[in-house]
Amino acid sequence: RSHFREPPCHSTVAYSQRLRQAGSLGEEGQGPLQVHCRRAVLEVLLRRRPEYSWLKRAKCGAVKNAASLPFCEYVRQCLRQAGVAPLSEAEEAEVGSELAPLLGQWRRVVVFFALRALLAPLWEALLLLDRLLFLGERGHLAALVPLFDPALSPRNYAVVGVRRLPGADTDAAFVAALPPEAVAICDGGAH
């Protein structure tokens with residue numbers, strides 16, 4: 001389920017800058033873009049091999065110089081980071097021949113990732129509005145408030161809410177305390 005919340009973490013602005021930079025560098029700029037494809041092919045490997053079926057998603061962080069490593073070395077480092085036994089030499093040769101054609105599909109992976117990055121803000125907005133309406137349906141005051149520059153992280157909004165207390169006039173105080181940048185306010189109706 002957490003993979004549904006992950007795409008909005010990636011900045012569309014940062015990814016578009018990476019694409020522009022890669023385009024301006026020509027052949028040399030393609031390596032960093034191919035890393036996403038390597039990761040996708042690693043996931044294919046993990047799903048195809050029964051001994052890795054328990055691993056839903058490899059828990060490996062960034063691999064240093066991943067774009068310049070041979071694919072089998074990349075796999076070796078990722079499996080080591082995930083705490084999984086390495087492949088034998090015969091398995092590596094089999095993996096290399098079996099999955100090498102998939103590595104040539106890196107441009108399709110870049111297109112997929114770009115589309116995913118473009119749709120991520122919409123997904124994030126839907127999640128935030130759902131949470132805002134959830135609070136409103138329960139009679140609470142709630143608002144979406146930007147906390148910082150979205151270039152730092154696209155997850156720059158906070159859902160801020162106040163529980164209504166019987167007999168207390170929290171509405172006016174809550175709205176007055178909101179910064180002018182608040183983008184949505186749900187009053188939840190008086191209960």
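Predicted model: local features only at pLDDT ≥ 70, side-chain atom pairs only at ≥ 80, totals over all residues.
Local features need pLDDT of at least 70 and side-chain atom pairs count only at pLDDT 80 or more, whereas totals for chains, interfaces and linings use all residues. Residues are numbered from 1 along each chain as its sequence is written, and side-chain values use heavy atoms, with hydrogens and water left out.

Helix α6 covers residues 106-137; helices are DSSP runs of H or I with at least four residues, numbered from the N terminus. The 32 residues of α6 reach 45 Å from the first C-alpha to the last, close to the expected 46 Å (1.5 Å times one less than the number of residues). At leucine 119, α6 bends by about 35 degrees, and proline 121 follows within four residues; the bend is the angle between axes fitted to the seven residues ending there and the seven starting there. Just after α6, glycine 139 has a positive phi of about 85 degrees.

Buried residues of α6 include Trp106, Phe113, Glu124 and Gly136 (buried: under 20% relative accessible area; exposed: over 50%; partly exposed: in between; 1.4 Å probe, protein chains only). Leucine 126, also in α6, is partly exposed at 47% relative accessible area. Together with Leu119, Leu122 and Trp123, Leu126 forms a nonpolar surface patch of about 410 Å² accessible area. Patch residues have over 30% relative accessible area and no salt bridge, with nonpolar side chains joined within 5 Å (salt bridge: a side-chain nitrogen of Lys or Arg within 4 Å of a carboxyl oxygen of Asp or Glu). Accessible areas come from the Shrake-Rupley method with a 1.4 Å probe.

Glutamine 77, in helix α4 (residues 71-81), is buried at 18% relative accessible area. Beyond its neighbours within four places in sequence, glutamine 77 is in contact with Val63 and Leu69 (contact: heavy atoms within 4.5 Å).

Conventions:
Patch = residues over 30% accessible without salt bridge, like charges linked within 9 Å, V, L, I, M, F, W, Y side chains within 5 Å. Helix = DSSP H or I, 4+ residues; strand = E, 2+ residues; numbered from the N terminus.
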